[in-house]
Amino acid sequence: MADDTKATEGHNSSSNNTLCPANGNEVSIDSLARQVQESLSLAKRHKFWETQPVGQFKDLGDASLPEGPIEPPTPLSEVKQEPYNLPSPYEWTTCDMDLEEMCNEVYVLLTNNYVEDDENMFRFNYSKEFLRWALRPPGFYRSWHIGVRVKTSKKLVAFITGVPARIRARDTVVTMAEINFLCVHKKLRSKRLAPVMIKEVTRRVHMENIWQAAYTAGVVLPTPISTCQYWHRSLNPKKLIDVGFSRLGARMTMSRTIKLYKLPDQTVTPGFRKMEPHDVPAVTRLLRNYLKQFVVAPDFDENDVEHWLLPKEGVIDSYLVESPETHEITDFCSFYTLPSSILGNQNHSTLKAAYSYYNVSTKTPLIQLMNDALIVAKQKDFDVFNALDVMQNESFLKELKFGPGDGKLHYYLYNYRLKHVLRASELGLVLL
């Protein structure tokens, strides 16, 4: 049950494709060699996944298999009661994110060892506020925030988390764990810690009588329910080019590029404003109604909306359109803040990236709504605005000058089968 951008990062820091410096389309010898190596190690890597209740490649296209859980729940009395054994130098720890010192240890581990792009130019740099937000939604289990320490030094060297979520697959709402932040210290990547950590978080999820999970990965494992692509919209093109995130187009000058990506100073939609606490019921109705059209989507109630979508400085930004005439809330957009450390650049240390989250348009055209989102992101000094091609996002990406990234993000469900692989546009779920 791994957020396997993250299980594999345990081994080779595969690109989560969120951090893709643009490579154009040329295929380098390096990447060909890597693909060959990866395909050779697939057999080895999938040994673990072939023992798990996940869709298997051999079953693809077999219409006789039913949708729903792959294995029935085990009686709780039969769930293993003690933690799995770690290699002898290491011990489990539960990470209480309310404690400043603990939160800091997790932050330092992730900042130095989490997802990098394939060229090792960028690494995710989740803030402490972001981690607290991501890991403490309504009904969270502290026991699902799992760390590994070195027994002698007590140094935190690995981490994996789950949070509970209600996810609807077609007409069935299933309580699942969203698995995330699997990170193993760079020096311990050969120790095979990741599979034990995945088994341990699975065991702790089972202890709460929850038998399904959702996760994403930058690599192909058995078997994605959907594959999405990240798109990037330059807000600060000069900096993005300076740090190697993107490059000057053929026959383009820097000044023409800056002009190409220039945005208006002010938003254009009448009644466009920041979301406030009293908006939670209206936003919940809007979002629930919108998400009905997707095959897989979260089942949000007001508590979820309050937690995930009320603005939090430096973490989540949400805006809505309140009709100046009727005062009805008609449209909504949101994006979260996930900077990356820029590795080895003299002039810049941080890339400030906004990630499109949930957007609903009923009266304002989606293109106009998202252009306003770009404008506020630019006002807030973001360098780039990223969006997956999920939900209806594809309808605005090209028009608003987003360019495709050079990796893919694969979505997985654990112990839940869908009959068909979904198009990205059938997916209404964004995992952090």
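A contact is a pair of residues with heavy atoms within 4.5 Å.

**Figure 1. Overview of the predicted model.** The structure shown is a predicted model. Among the contacts in the protein with a separation of 6 or more, 77% are accounted for by residues 24 or more positions apart. The protein contains 11 helices and 17 strands. Of its 432 residues, 56% count as buried.

**Figure 2. Leucine 60 and the nonpolar surface patch.** Leucine 60 is placed in the loop between helix H2 (29-49) and strand E1 (90-94). Together with Phe57, Val220 and Val421, Leu60 makes a nonpolar surface patch of about 340 Å². Leu60 also belongs to the lining of the largest cavity, as one of the residues that lie nearest the centre of that cavity. Aspartate 59 forms a salt bridge with lysine 58, with the closest N and O atoms 3.5 Å apart. Lysine 58 counts as exposed because its relative accessibility is 71%, above the 50% limit for that class. Aspartate 59, at 23% relative accessibility, counts as partly exposed.

Figure 3. The structure holds 3 cavities of 30 Å³ or more. The largest cavity has about 240 Å³ of space and is lined by 17 residues. Gly55, Leu60, Thr223, Arg417 and Leu418 are the lining residues that lie nearest its centre. Threonine 223 is placed in the loop between strand E6 (212-217) and strand E7 (226-234). The peptide bond that joins proline 222 and threonine 223 is cis, with omega of about -25°. Most peptide bonds are trans.

**Figure 4. Helix H4 and the second largest pocket.** Helix H4 spans residues 128-135 and is mostly covered, with 6 of its 8 residues buried. The buried residues of H4 are Phe130, Leu131, Arg132, Trp133, Ala134 and Leu135. The second largest pocket has about 380 Å³ of space. This pocket is lined by 29 residues, and those closest to its centre are Val163, Pro164, Ala165, Glu178 and Trp308. At least two lining residues are supplied by each of H4, strand E4 (156-169), strand E5 (172-184) and helix H9 (302-309).

Figure 5. Most residues other than glycine have a negative phi. Phenylalanine 181, although not a glycine, has a positive phi of about 60°. Phenylalanine 181 is found in strand E5 and counts as buried because its relative accessibility is 0%, within the limit of under 20%. Histidine 327 likewise has a positive phi, near 60°. Histidine 327 is placed in the loop between strand E10 (316-322) and strand E11 (329-337). At 52% relative accessibility, histidine 327 counts as exposed.

**Figure 6. Surroundings of methionine 370.** Methionine 370 lies in helix H10, which covers residues 366-379. Methionine 370 has a relative accessible area of 1% and is therefore buried. Beyond its neighbours within four places in sequence, methionine 370 is in contact with Cys333, Ser356, Asn359, Phe385, Phe396 and Leu400. Cysteine 333 is 37 residues away from methionine 370 along the chain, and the C-alpha atoms of the two residues are separated by 7.3 Å.

**Figure 7. Salt bridges.** A search of the whole structure finds 25 salt bridges. Arg166, Arg288, Asp299, Asp301 and Asp304 are linked in a salt-bridge network. Lysine 80 forms a salt bridge with glutamate 82, and their closest N and O atoms are 3.7 Å apart. Lysine 80 counts as partly exposed at 32% relative accessibility, and glutamate 82 is partly exposed with a relative accessible area of 48%. The side chains of arginine 423 and glutamate 426 also meet in a salt bridge, at 3.9 Å from N to O. In that pair, arginine 423 is exposed, with a relative accessible area of 56%, whereas glutamate 426 is partly exposed, with a relative accessible area of 21%.

Terms used
Residues are numbered from 1 along each chain as its sequence is written. This is a predicted model: local features need pLDDT of at least 70, side-chain atom pairs count only at pLDDT 80 or more; totals for chains, interfaces and linings use all residues. Side-chain values use heavy atoms; hydrogens and water are left out. Patches are made of residues with over 30% relative accessible area and no salt bridge: like charges are joined within 9 Å, nonpolar side chains (Val, Leu, Ile, Met, Phe, Trp, Tyr) within 5 Å. Accessible areas come from the Shrake-Rupley method with a 1.4 Å probe; for residues, only the protein chains shown count as cover. A salt bridge is a side-chain nitrogen of Lys or Arg within 4 Å of a carboxyl oxygen of Asp or Glu. Helices (H or I, at least four residues) and strands (E, at least two) are DSSP runs, numbered from the N terminus. Buried means under 20% relative accessible area, exposed over 50%, partly exposed in between (1.4 Å probe, protein chains only). On a 1 Å grid over the protein atoms alone, a cavity is a set of points where a 1.4 Å probe fits but cannot get out, and a pocket is an open set with protein on both sides within 12 Å along at least five of seven lines; lining residues have an atom within 4 Å of a point. Grid points are joined across faces, edges and corners, and a volume is the space filled by probe spheres set on the points.
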